[in-house]
Amino acid sequence: MFYREAGDYKTSYVDDSQTFPIALDRRIYMAAAVLAFLVVPFVMTDYLVNAIMMPFLIFAIAALGLNILTGYCGQVSLGTGGFMAVGAYSTYKLMTAFPDLNIFFIVILSGIITAGVGVLFGLPSLRIKGFYLAVATLAAQFFLVWMFNKVGWFYNYSASGQISAPERTVLGQAVTGANAAPWVSYLFCLVFVFALAWLTRNLTRGRIGRSWMAIRDMDIAAEIIGVNPLRTKLSAFAISSFYIGISGSLFFAVYLGAAEVGEAFGIQKSFLVLFMIIIGGLGSIFGSFAGAAFMVLLPVILKLFFADFIGWPTDLVAHLNFIIVGGLIVFFLIVEPHGLAALWRTIKEKLRLWPFPH
Amino acid sequence: MFRFIATASLAASIAVPAFADLTMVSLTYRTGPYAAGGVPFSDGYADYFTMLNERDGGIGGERVELLECEFGYNTERGVACYEETVDQGALVYQPLSTGLTLELIERVQQDEVVLHTMGYGLTAASDGATYPYVFNFPAHYWDGAVAQIAYLKEQNGGSLAGTRIMHMHHNSGYGREPLPTLEALAEIEGFELLSMPIDHPGEDQSAIWPVVEAENPDFILLWGWGVMNRVALESAVEIGYPMDQMMGIWWSAAESDLKPMRDAAHGYTSVTFHAVGDNFAIFNDLNELVYQRDLARGRMNNIGEALYNRGVAAAIYAAEAIRLAQSIHSVSDVTPAMVRDGYEQLTMTAEDFETLGMEGFTPPMEITCTDHGGGGLVAVAQWDSTLRKWQQVTDYYAPNDALIEPQIESASAAFAQSRGITPAGCP
């Protein structure tokens, strides 16, 4: 009954190759976008924006980025935190060096800088694969954090070693700094999420995405049919790092306001984003969002239920959170290795046949 | 998915109850690598408010509602905790984390809530004209650094010229905070300052101690927190570094770090801004009204330890500031902005402490609009492993105002400028 092509006639090639070919799917996504842009900013409380929506949007970008690299191109990376730090520190240096430059362009420039760094650390991927590549990107993670801690130039030699975002405005509204209204920051992040998700969807349907997947599925076969591994792998690293740089930039400038590299962009961040795409679904855009939502919401829901509703001590709930997240990761790896996205896909298949499965 | 989030968020907004009482927030870290420091402080903080509720029915007749929010010493989650609780009318924040303090400074100015960082946080915030909502009495890091050097100078026969002192610190805002003071003192006293940062969380120091062994500094200043302290002290014993040449700040002087080391920790010194020990009159009330009635927040294994007492003291300062705010504004249900007035006019004499049951806990102090840092008096305590107790070995050192005041002025201006804070000024 749902998600059926029946009756949805395509009369032109443009129609046939549109982003969401199924009418119902298209309408749901349009409704979600309208809701996110026009309704949510006006009904959300400050706490919900700051504690749930902003981390969700920002981590969704990071998860999209890592999914391009790991899910679509098959290159395992543990350097996400380090690349986010590159985005954050680029933003800080650009913000302080060019006070008049619009924050919108600063975020994009930070993404481009991170893309450059990503390509640099992606070079070993041409020679090494799998676990060995993971270890190489782990080195990137530790090296980048160490560098931002060690070299005073990156934090403008500030006494605390922290970087902090000064106030910047877009169309007269403060986006960063303490005076930024939550709904402005939310919309600012949402614009990036929307544009980047759109871009990912179309990249992965096109030539580049197909060459990524060819490399992921079997690199030798891909090379034989004419996919250039150098260009494909490095483009995956560049685009993935571009996304992750943007998410790091937003994470620092819009969400945190001030950051310390070891704490904000440590190895835990790399794992967090990796868990997001594993739980959400490797090689799926919906999975990136689902995984980000899951990892951001789970501690909040657990806290609401156990601490505020049942009244258990907060430390017990915090420990429980570790156990549940760990358990779920193991559970997903065993039962549904393709994550929440695959679960969603199964539901869709069932819905197509419902209510007459035979 | 957005619908799902909207439903979840609706549930969240319903679940947040509204309190008519005095809402206090305890930002705890009972989990993670810093739990050893976080647990006793939060226990003391909670137990004192429980005692007030039991004994006096709260403060000025208003019960205290203490909300706990666990953040695991993680700045992001701490900010989320702050955002969650600030809308519920929380009166005072005491995060016990310098990293979180640096995040919250702008936010509390914006939301007009008091942030009291007792012996941590941003030293420059003692400039009350620029940071009207931030308080860091009774002593701050730079006072601590000055006292450390003053004590070492005495120990070294009145001069530190030609000695080499290692500043072994947590590589964060906390550990870097005393650097300007130590560098200035190195210049004045003629010692060589070696910086030895240890990265979060500080469990792995295998790369640090071979360097210490090779450098063999005359003294080590330990500015650690959480698991880092324990590992550093144990590593020092392992390489045979003399304990009496190691000196901690008040955050690297917890009994829980030292007791398991038995005799090996004997002679370790530390600066402290309050008296040590557990024979304060307040413990009678706490015992009778809280511990005996099974209302204690923790497992009662840390009562009377330095960090527990510090939690109690933090609660006392908050309670007294609220009491003062109630009398200034003649209203018992005070708002966060009123509590700020209470903090700013807070005067604690020796008699006040005696009445409160913490006789001689800290030296008398007075807060003014321009000075949110209090007296800045710091003493030195030494660990006695046979008694398993700290012994205060010196009198309180007076703060080196000539050195620190100009530093605070420039640091405060620099921080305010980088964060876009406009000084409010003092009348």
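This briefing describes the annotated spans, domains, nonpolar cores and chain interface of the structure above. The model is predicted: local features need pLDDT of at least 70, side-chain atom pairs count only at pLDDT 80 or more, and totals for chains, interfaces and linings use all residues. Residues are numbered from 1 along each chain as its sequence is written, chains are lettered from A and ligands numbered from 1 in the order in which they are written, and side-chain values use heavy atoms, with hydrogens and water left out.

**Annotated spans**

- In chain A, the unreviewed UniProt entry assigns "transmembrane region" to residues 28–49, 56–89, 101–123, 130–148, 180–199, 236–259, 271–302 and 322–344. UniProt positions follow the numbering used here, feature names are shortened, and annotations may be inferred rather than shown by experiment.
- Residues 180–199 of chain A are 90% helix and 0% strand, with 28 Å between the end C-alpha atoms. Helices (H or I, at least four residues) and strands (E, at least two) are DSSP runs, numbered from the N terminus.
- Residues 322–344 of chain A are 87% helix and 0% strand, and their end C-alpha atoms lie 25 Å apart.
- For chain B, an unreviewed UniProt entry lists "domain: Leucine-binding protein" over residues 27–385. That span of chain B is 42% helix and 14% strand, with its end C-alpha atoms 32 Å apart.

**Domains of chain B**

- The domain assignment gives domain 1 (21–139 + 278–376) and domain 2 (141–272 + 379–405) of chain B; such bounds come from an automatic or database domain assignment.
- The C-alpha centres of domain 1 and domain 2 of chain B are 27 Å apart.
- Contact (heavy atoms within 4.5 Å) joins 29 residues of domain 1 of chain B to 23 residues of domain 2 of chain B.
- These two domains of chain B bury about 2000 Å² between them, 58% of it on carbon and sulfur atoms. Within domain 1 of chain B, B:Tyr34, B:Thr123 and B:Arg310 lose the most area to domain 2, together 27% of what that side buries. Buried area is the accessible area (1.4 Å probe) that two parts lose on being put together, summed over both.

**Nonpolar cores**

- The largest nonpolar core has 115 residues, of which B:Tyr48, B:Phe49 and B:Trp251 touch the most other members. Helix H12 (residues 306–329) of chain B supplies the largest share of this core, 13 residues. Both domain 1 and domain 2 of chain B contribute at least three residues to this core.
- A nonpolar core is a set of buried Ala, Val, Leu, Ile, Met, Phe, Trp, Tyr and Cys residues joined through side-chain atoms within 4.5 Å. Buried means under 20% relative accessible area, exposed over 50%, and partly exposed in between (1.4 Å probe, protein chains only).
- Not counting residues up to four places away in sequence, B:Phe49 touches B:Met24, B:Ile59, B:Val64, B:Leu66, B:Ala315, B:Ala318 and B:Ala319. Another core, of 109 residues, lies apart from the largest one and includes A:Met147, A:Phe252, A:Leu256 and A:Ala293.

**Interface of chains A and B**

- The contact involves 45 residues from chain A and 37 residues from chain B.
- Chain A and chain B bury about 3700 Å² between them, 59% of it on carbon and sulfur atoms. A:Tyr47, A:Glu263 and A:Thr314 supply 15% of the area that chain A buries against chain B, more than any other three residues.
- Three salt bridges are counted between chain A and chain B. The side chains of A:Lys303 and B:Glu84 form a salt bridge at 2.8 Å, N to O.

Terms used
A salt bridge is a side-chain nitrogen of Lys or Arg within 4 Å of a carboxyl oxygen of Asp or Glu.
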